[in-house]
Amino acid sequence: MTLNHITDTHSHYDDPRFDGIRDELISSLFSRGISAIIHAADTVKSSEYGVAAAQKYPRYFTAVGIHPEHANGVTESELERISELAKSPKVVAIGEIGLDYHYEGYDSEAQKRLFEYQIRLAQSLELPIIVHSRDAAGDCMDILRRFAPVSGVMHCFSGSVETAREVLSLGMHISFTGVITFKNSKKAVQVLESMPLDRLLLETDCPYMAPEPFRGKTCDSSMIEYIAKKEAKLLGISLDKLLLATEENARRLFKLW
């Protein structure tokens with residue numbers, strides 16, 4: 001299948017799993033027709049990778065930011081570096097940022113401070129945000145409400161239909177990973193079926209979250225077609241209509257071209 005009108009709005013090609021094949025893989029994806037790829041950063045180093053990669057590939061864009069898992073011990077110099085990188089060419093968002101209370105030992109107050117700092121940075125630069133929320137929906141929504149209206153996307157959405165409606169009411173978009181292709185993805189399916197097409201984005205979160213039939217394997221942007229096919233089927237629309245709409249949504253939100 002030739003991949004046309006596909007923008008992968010959330011990828012991590014700096015992951016070590018791509019060492020040794022990174023350049024060849026990314027080049028092959030664009031040669032097969034992928035419209036654009038957006039790198040979602042999680043540290044200063046990851047943000048620096050994204051800025052450099054965006055300079056290298058014409059249709060590769062990047063976000064910059066610090067993931068909530070790294071909130072403990074974030075220094076002032078790191079925050080200053082993110083603010084500096086955010087002004088680089090082809091930086092299209094601040095992310096991925098947010099809250100993650102999944103693992104023991106998290107510092108919720110540190111995560112909230114970091115999240116709020118990066119939202120303020122995004123809004124000062126008129127950039128959208130890419131939000132990560134895991135086991136922290138209440139606090140995450142409380143913060144987003146305070147900054148409403150909010151331009152951005154709730155990535156890898158796993159919340160309820162009710163939460164999705166509020167996310168959309170704040171002005172945000174929603175995207176799903178390959179999880180939506182899994183047989184037990186009832187909640188994600190319900191959210192997808194309840195939301196308007198003009199707020200939907202495509203993402204892989206590669207190398208994570210590979211869709212069926214690649215579940216458990218290293219994911220890359222070519223696998224997004226399986227996510228798109230499943231979403232088109234669930235929405236009762238053609239694949240072409242879904243791809244055109246999600247590409248336009250990404251282009252508009254991230255000001256890609």
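Contact here means heavy atoms within 4.5 Å. The model is a predicted one: local features need pLDDT of at least 70, side-chain atom pairs count only at pLDDT 80 or more, and totals for chains, interfaces and linings use all residues. Residues are numbered from 1 along each chain as its sequence is written, and side-chain values use heavy atoms, with hydrogens and water left out.

**The annotated pair**
- An unreviewed UniProt entry puts the feature "binding site" at His132 and His155; such annotations may be inferred rather than shown by experiment.

**His132**
- His132 sits in strand β5, residues 129–134 (strands are DSSP E runs of at least two residues).
- Its relative accessibility is 13%, so His132 counts as buried (under 20% relative accessible area, 1.4 Å probe, protein chains only).
- Beyond four places in sequence, His132 has contacts with His67, Pro68, Glu96, Ile97, Gly98, Leu99, Asp100 and His155.
- With Glu96, His132 makes a side-chain polar contact of 3.1 Å (N or O atoms within 3.5 Å, one able to donate a hydrogen and the other to accept it).

**His155**
- You'll find His155 in the loop between β6 (152–154) and α6 (161–169).
- His155 is buried too, because its relative accessibility is 5%.
- Skipping residues up to four places away in sequence, His155 touches His10, Glu96, Ile130, Val131, His132, Ser175, Glu203 and Asp205.

Notes
Helices (H or I, at least four residues) and strands (E, at least two) are DSSP runs, numbered from the N terminus. Buried means under 20% relative accessible area, exposed over 50%, partly exposed in between (1.4 Å probe, protein chains only).
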